[in-house]
Amino acid sequence: MSTAAFPGERPDRLEEECAVFGIYAKGEDVARMTCFGLQALQHRGQESAGIAVGDGETILVAKDLGLVTQVFNESSLAALDGFVAVGHTRYSTTQTGSSWEASQPHISAIDEILIALAHNGALINTNALRARLLEKGLQFRSFADSEVAAKTIGLATQETHHLRDGIRQMMEELEGAYAMVLASPDTLYAFRDPYGIRPLCIGKLPDDRGWVVSSESCGLDIVGAQYVRDVQPGEIVRINEEGLTSEQGIPKRGNAGCIFEYVYFARPDSVIDGQSVYQARRDMGRILAQEAPVEADVVLGVPDSGVPSAVGYAFESKLPYVDGIVKNRYVGRTFIQPTQEMRQLGIRLKLNPLSTVIQDKRLVVIDDSIVRGNTSKQLVEMLRNAGAKEVHLRIVSPEVLWPCFYGIDTDTQDQLIAAHMSVDEICEFVGADSLAFITLEGLRNSINTSQGGLCEACFSGEYPAEIPDSMKKKSFLS
């Protein structure tokens with residue numbers, strides 16, 4: 001099969017959609033702390049950033065396209081004065097595109113009161129909700145799920161006269177994946193879908209100075225907050241001058257946290273549902289070494305997510321671990337369109353092999369996933385050009401066979417190389433000497449969350465929240 005079947009316009013890996021951050025802390029510079037939190041979460045989205053701050057009377061928002069450090073500076077943060085804040089960094093999917101209108105937090109008016117909402121995830125009944133809101137006369141500025149959610153809360157609150165009831169009613173109507181933070185002028189709310197697909201955790205500042213919520217615990221660490229627990233599926237957390245209160249907004253339907261948080265999305269220093277991401281990745285490599293051993297000289301990991309797994313593989317296989325690939329840490333997602341020649345060399349923008357380390361060596365190369373296949377093909381070619389004698393690819397996730405509808409940018413099955421090719425065919429396509437994926441059972445055994453269940457739909461095709469037939473028809477191979 002030609003490489004044209006797997007175009008390079010989107011990144012050749014699963015991409016997560018967003019990060020959210022919220023804080024309630026009187027007497028603190030909440031805008032600056034939110035900015036720090038968003039920088040810690042920048043890996044989850046690089047296309048826009050925004051912060052909204054409440055001062056007890058109203059809400060001010062600042063947002064724009066670009067990285068957190070491009071959007072905010074001393075003067076813009078100084079203008080955001082208050083004691084409650086929510087922030088967002090965004091990765092746009094092919095469906096929503098990148099635009100200022102789609103950047104978050106979304107601001108919505110409930111009579112005279114403003115609310116600001118930030119969302120990580122994706123809804124699967126957006127079209128039906130949008131149509132209902134349009135019939136009621138509401139107008140939209142974007143096609144983002146988050147704007148639909150914000151306006152649904154606003155309308156429901158007008159009907160119920162209580163913001164918590166408005167949030168609860170929205171949760172009853174929404175289907176799909178969401179971890180949301182919402183600020184009114186004087187209160188912070190945090191809530192998750194009834195399956196807990198997207199992550200969201202709670203932290204407390206020292207000396208009872210306030211509370212923080214974040215997509216990952218690394219966002220808590222940077223502002224000095226102590227991890228307390230995760231927001232539970234279907235739970236609504238409210239934080240204001242009365243402290244933190246919790247209620248079950250809608251019944252919990254299970255535990256289905258995204259398994260790819262542990263494989264790739266989350267930072268290794270984060271803890272999700274009680275599980276250290278770093279330790280899970282080490283165990284993935286250790287188990288993969290048991291399942292797919294190979295005669296080789298050294299083990300190396302593809303930075304950054306493949307490195308802990310490579311350490312685990314090396315430990316279990318008794319092979320030496322080496323830092324054989326250097327990552328350029330100043331290259332993120334770029335808006336500059338490369339030439340065709342540079343596109344063909346695309347992986348070298350971020351990764352460069354250490355030829356003195358890998359020359360004439362038989363390599364075991366550990367990576368997190370193979371999605372479209374182009375990056376793995378370029379990686380193998382790059383290592384061979386640097387003098388590698390053999391390249392044995394080992395992948396710490398199973399074959400990605402099914403599209404995701406919950407906020408990961410693989411919405412059609414024809415984007416997935418494993419849906420078209422066998423493992424042997426993929427191995428030939430990427431040019432490796434051998435290729436092996438961890439089994440789904442092996443991946444499960446590497447992750448020990450306090451909640452238990454995980455969403456494995458991209459591997460198994462079993463979706464926790466039922467997918468509408470209209471979305472399936474557009475997404476699956478005929």
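Guide: A residue counts as buried when its relative accessible area is under 20%, and as exposed when that area is over 50%. The model shown here is predicted. Glu235 has a relative accessible area of 3%, and therefore Glu235 is buried. This residue lies in strand S12, and S12 belongs to an open sheet of six strands. The order of the strands is S5-S6-S7-S8-S12-S13, and their pairing is antiparallel. Strands S5 (106-110) and S13 (243-248) stand at the edges; each has a single partner strand, so one side of each is left without a neighbour in the sheet. On average, neighbouring strands of this sheet are turned by 20 degrees against each other, direction ignored.

Consider next how S12 is joined to S8. Strand S8 (residues 188-192) and strand S12 (residues 235-240) run antiparallel, and four bridges join them. In one of these pairs, Leu188 has Ile239 in S12 as its bridge partner.

Two helices also meet the sheet. Helix H5 (residues 145-160) packs on it and touches S5, S6 (113-123), S7 (176-183) and S8; the direction of H5 makes about 135 degrees with that of S6. Helix H6 (residues 163-173) lies across S5, S6, S7, S8, S12 and S13, and runs at about 20 degrees to S8.

To return to Glu235, its side chain is joined to that of Arg229 by a polar contact of 2.7 Å. Leaving aside residues up to four places away in sequence, Glu235 touches several others, among them Met171, Ala190, Phe191, Arg192, Ser246 and Glu247.

Conventions: Residues numbered from 1 in each chain as written. Predicted model: local features only at pLDDT ≥ 70, side-chain atom pairs only at ≥ 80, totals over all residues. Heavy atoms only, no water. Pairing = 2+ DSSP bridges. Axes fitted to C-alpha atoms, helices over the stretch in contact; angles between N-to-C directions. Contact = heavy atoms within 4.5 Å. Buried < 20%, exposed > 50% of the residue type's maximum accessible area, 1.4 Å probe, protein only. Polar contact = N/O pair within 3.5 Å; in protein donor to acceptor, adjacent residues only side chain to side chain.
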